[in-house]
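Trainee: I would like to learn how to read a protein model one feature at a time. Can we start with the surface and work inward?

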Amino acid sequence: IDSISRQSWRLSRLIEHLFLAMRLRAGEFKFEPNPFDYSALVLRSIAEIKPFFPDQVFKCDVEQSVTMLGDDALLEHAIWILFTCASALSSGDKPLDVALHATQTEARLTIGVQGANLSAHDIQALFVPFGFIEYERQFGMRATVGLYLCRQILQIHGARLDVSDNGGGVRFLM
């Protein structure tokens, strides 16, 4: 029952993301910026992702009370996509290094994936609509899908998403 519940929730999120991507491409979305606690959103998203990746450890360095102006519902989608992708790319035996720090003008969320199965160059294929990549892991072939929606949501907010190689892994910067 737990497995059915997790997979149902995962499927509903995927369908939500597909509809949101279609609305974004058509210019038919609601962008409603308000001040919100970005730190709480990041920590809540990690808590939601953990049941899908029970062996994944998240090593968090999240600055408390980082407040920003944005559409928290859209940013929740972007963060969920990013954490899901990072967890899928992780070797599983090393923690994901999550850090959130802010200055007066910006907030930076970084996710370090040590032992990632793919290079930053390979991951670029995920930034196109419906992009996916297959890779081999301990339990056979796996696939991870797009960062396109994540990048689009960030562009609406005047932000960006980058990925770079990072000494035996990759690093996402939002």
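Predicted model: local features only at pLDDT ≥ 70, side-chain atom pairs only at ≥ 80, totals over all residues.

Trainee: What percentage of the residues count as buried?

Mentor: Of the 174 residues of the protein chain, 41% count as buried.

Trainee: How many helices and strands does the chain have, and in what pattern do they follow along the sequence?

Mentor: There are five helices and nine strands. Along the sequence the pattern reads α-β-α-β-β-α-β-β-α-β-β-α-β-β. For contacts with a separation of 6 or more, 70% are between residues 24 or more positions apart.

Trainee: How many residues of α3 are buried?

Mentor: Helix α3 is mostly covered, with 16 of its 18 residues buried. From first C-alpha to last, α3 reaches 25 Å, close to the 26 Å expected at 1.5 Å a residue. At the start of α3, a side-chain oxygen of Asp71 comes to within 3.2 Å of the backbone nitrogen of Ala73.

Trainee: Next, helix α2. Which of its residues are buried?

Mentor: The buried residues of α2 are Tyr38, Ser39, Leu41, Val42, Ser45, Ile46 and Ile49. Seen down the axis of α2, these fall within an arc of 165°, so they line one face of the helix. Their cover includes β1, β2, β3, α3, β4 and β5.

Trainee: What span does α2 reach, and what caps its N-terminal end?

Mentor: Helix α2 covers residues 38–49, 12 residues in total, and reaches 17 Å between its first and last C-alpha, close to the 16 Å expected at 1.5 Å a residue. Asp37 caps the N-terminal end, with a side-chain oxygen 3.0 Å from the backbone nitrogen of Ser39.

Trainee: Which residues is Val62 in contact with, leaving aside its neighbours within four places in sequence?

Mentor: Val62 is in strand β2 and is buried, with a relative accessible area of 12%. With those neighbours left aside, Val62 is in contact with Ser39, Val42, Leu43 and Leu100. Two of these, Ser39 and Val42, are among the buried residues of α2. The C-alpha atoms of Val62 and His101 are separated by 6.7 Å, although the two residues are 39 apart along the chain.

Trainee: Strand β5 holds both Thr110 and Val113. What does each of them touch?

Mentor: Not counting residues up to four places away in sequence, Thr110 touches Asp97, Val98, Ala99, Arg171, Phe172 and Leu173. Thr110 counts as buried at 18% relative accessibility, and Val113 counts as buried at 0%. The C-alpha atoms of Val113 and Pro95, residues 18 apart in sequence, lie 7.6 Å apart.

Trainee: Last, backbone angles. What is phi of Ser65, and where does that residue lie?

Mentor: Again, the general idea comes before the case. Most residues other than glycine have a negative phi. Phi of Ser65 is near 60°, a positive value in a residue other than glycine. Ser65 lies in the loop between β2 (58–62) and β3 (67–70), and is exposed, with a relative accessible area of 55%.

Methods
Residues numbered from 1 in each chain as written. Heavy atoms only, no water. Helix = DSSP H or I, 4+ residues; strand = E, 2+ residues; numbered from the N terminus. Buried < 20%, exposed > 50% of the residue type's maximum accessible area, 1.4 Å probe, protein only. Contact = heavy atoms within 4.5 Å. Expected span 1.5 Å × (residues − 1). Arc of directions from axis to C-beta. Polar contact = N/O pair within 3.5 Å; in protein donor to acceptor, adjacent residues only side chain to side chain.
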